[in-house]
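I opened my notebook today to look at a protein with a ligand inside. Here is what I looked up, step by step.

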Amino acid sequence: MTSPDPTPAPAPRCPITGAGLPEPVPLYGREYKRDPYDLYRELHDAGPVHRVRFPSGIAAWLVTGYEAAHQALNDPRLGKNHSLGNDNWRALASIMPEPQHSQLQVHLLHQDPPKHTDMRRLVLDAFAPRRIEALRPRFQELADALADALPDAGGADLVQGFAAHYPFQVLAEVIGLPTELARRFDRDWGKVVQPVGPQDPGRPAYEGRLRGLQTYIADVVAHKREHWDDDLLSRLVVARDRGVLSQEELDSMVFQLLVAGQEPVTNQISTMLMTLLRHPDQLARLRDEPTLLPQAVEELLRYDGAFELTTWRFFAEDSQLHGTRIPAGDSVIVSLDAANRDERQFPDADTLDFERSPNAHLSFGRGIHFCPGAALARAELQVALGTLLARLPGLQLACPDDEIEWIPAVLARGVNRLPVAYDKRV
Ligand code: HEM
């Protein structure tokens, strides 16, 4: 996935529209990341489509209403291939430099039918709900081992101590990444989707990450070719050897699985814990009634989804979107988190309600790019929360809420550190 923003910058002073909102609306800054929902409430009142600006300077069209978001995600006019982006988008969008862009950014999220359909078919079996359910006891073992390793009393950082490791361990089992290679994976490689400019002092480190990642992917592919097994990574290598995938598509899909299969889950565990720590009555209820976990996880996904904004989409021709004219090749982005708080779809949308029904949230997207890992993510989240709540009595934040730093990425919501206190001996 390519992230629309590399480096946060101070919000520009913008002219104020009649609706009282800046035009374009800056979508960044510490306060916005702490709580984007005040802004989303204002946007809902102003309409479903808005001009927004990211820190890189690029402007985009943001869809916020639930109905409009649903339609946009199912709109066959909106394509995903970067070749649809116009010159203005290309000049400002922070996309990976070449040749890596063409080698790593040709995965599912940057493809349109029929290519997308063929590529997607290759991954679906591995994430089928029945297969995931059969693996649940193993997910529990992995979560238990991490919980065992947390200190008995005092506290810990639950990102470093749990959320940063658990999703990758689970993913490795699901896609067939051998333990030796899984140990070598550097989570920092995922940051290559937030490129830094050629003059940026961080550029050498960025290029080092890209090289490290590409070497790693080549090692994974070589290993699976030598040690074929009936797992997803092996099947992708076979698809390459049979000419179904190009080398770039294979490398890109491996890259996407390693990053998309981990970071959103890590972030979602942290946002869910933050929500529960801010609602101690609901936290206590969930600890006492673990049968509520499946529905609580759905509501926590709706209440604060880790995939806040979708990736870019483009119209091939100038087009109308809910009365707004969008030039061809401008980027259109859907705010899944704004849609999930639309009162017209979710009464009392700002209230956390484990009994909410129906709860057709958009946290895993919609349409042909709907997250194929949704069943896996749901199982992981249920196991992770159930384990942490059961194993860490007295769980509470170990610092004031306003000292928690939300990650500055544009697409994602989550925290990098989550210091908590508890006492396992109680
Ligand atoms: C809580 C965790 C997760 C969330 C919130 C999430 C959310 C999403 C969303 C919103 C999209 C669509 C983005 C768009 O339309 O622009 C997506 C796509 C995708 N996700 Fe997830 N995801 C999660 C976990 C996972 C896991 C565990 C995997 C497993 C490998 C995964 C693999 C993918 C892939 C491959 C795509 C691209 C699908 C396509 O383009 O057809 N995700 N995810």
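This is a predicted model: local features need pLDDT of at least 70, side-chain atom pairs count only at pLDDT 80 or more; totals for chains, interfaces and linings use all residues.

**Around the ligand**

Next I checked T311: an N or O atom in its side chain is 2.6 Å from a ligand oxygen atom. At A260 I had to look at the backbone instead, where an N or O atom sits 3.4 Å from a nitrogen atom of the ligand.

Which protein atom is a donor to the ligand's iron atom? I found a single one, the SG atom of C371, 2.3 Å away. I traced C371 to the loop that runs between α17 (336–339) and α18 (374–391).

I also listed the shell. There are 30 residues around the ligand, and H116, T311, R313, H369 and C371 come nearest. Sorted by class, I have 17 nonpolar, ten polar and three charged residues. Which helix gives the largest share of the shell? My entry reads α18, with four residues. I noted that α6 (115–124), α13 (247–260) and α14 (263–278) each supply at least two.

Last, I looked at three strands that make an open, antiparallel sheet, in the order β5-β11-β10. Its edges are β5 (153–157) and β10 (396–397), each pairing on one side only. I saw two bridges between β10 and β11 (residues 419–423), and I wrote down that L397 stands opposite V420 in β11.

Definitions and conventions
Residues are numbered from 1 along each chain as its sequence is written. Side-chain values use heavy atoms; hydrogens and water are left out. Donors are N, O and S atoms within 2.8 Å of the metal (3.2 Å for Na, K and Ca); water is not among the atoms, so sites may look incomplete. Two strands pair if DSSP finds at least two bridges between them. A residue is near a molecule or strand if one of its heavy atoms lies within 4 Å of it. A polar contact is a pair of N or O atoms within 3.5 Å; within protein, one must be able to donate a hydrogen and the other to accept it, and residues adjacent in sequence count only if both atoms are side-chain atoms. Ala, Val, Leu, Ile, Met, Phe, Trp, Tyr, Cys and Pro count as nonpolar, Asp, Glu, Lys and Arg as charged, and the others, Gly among them, as polar.
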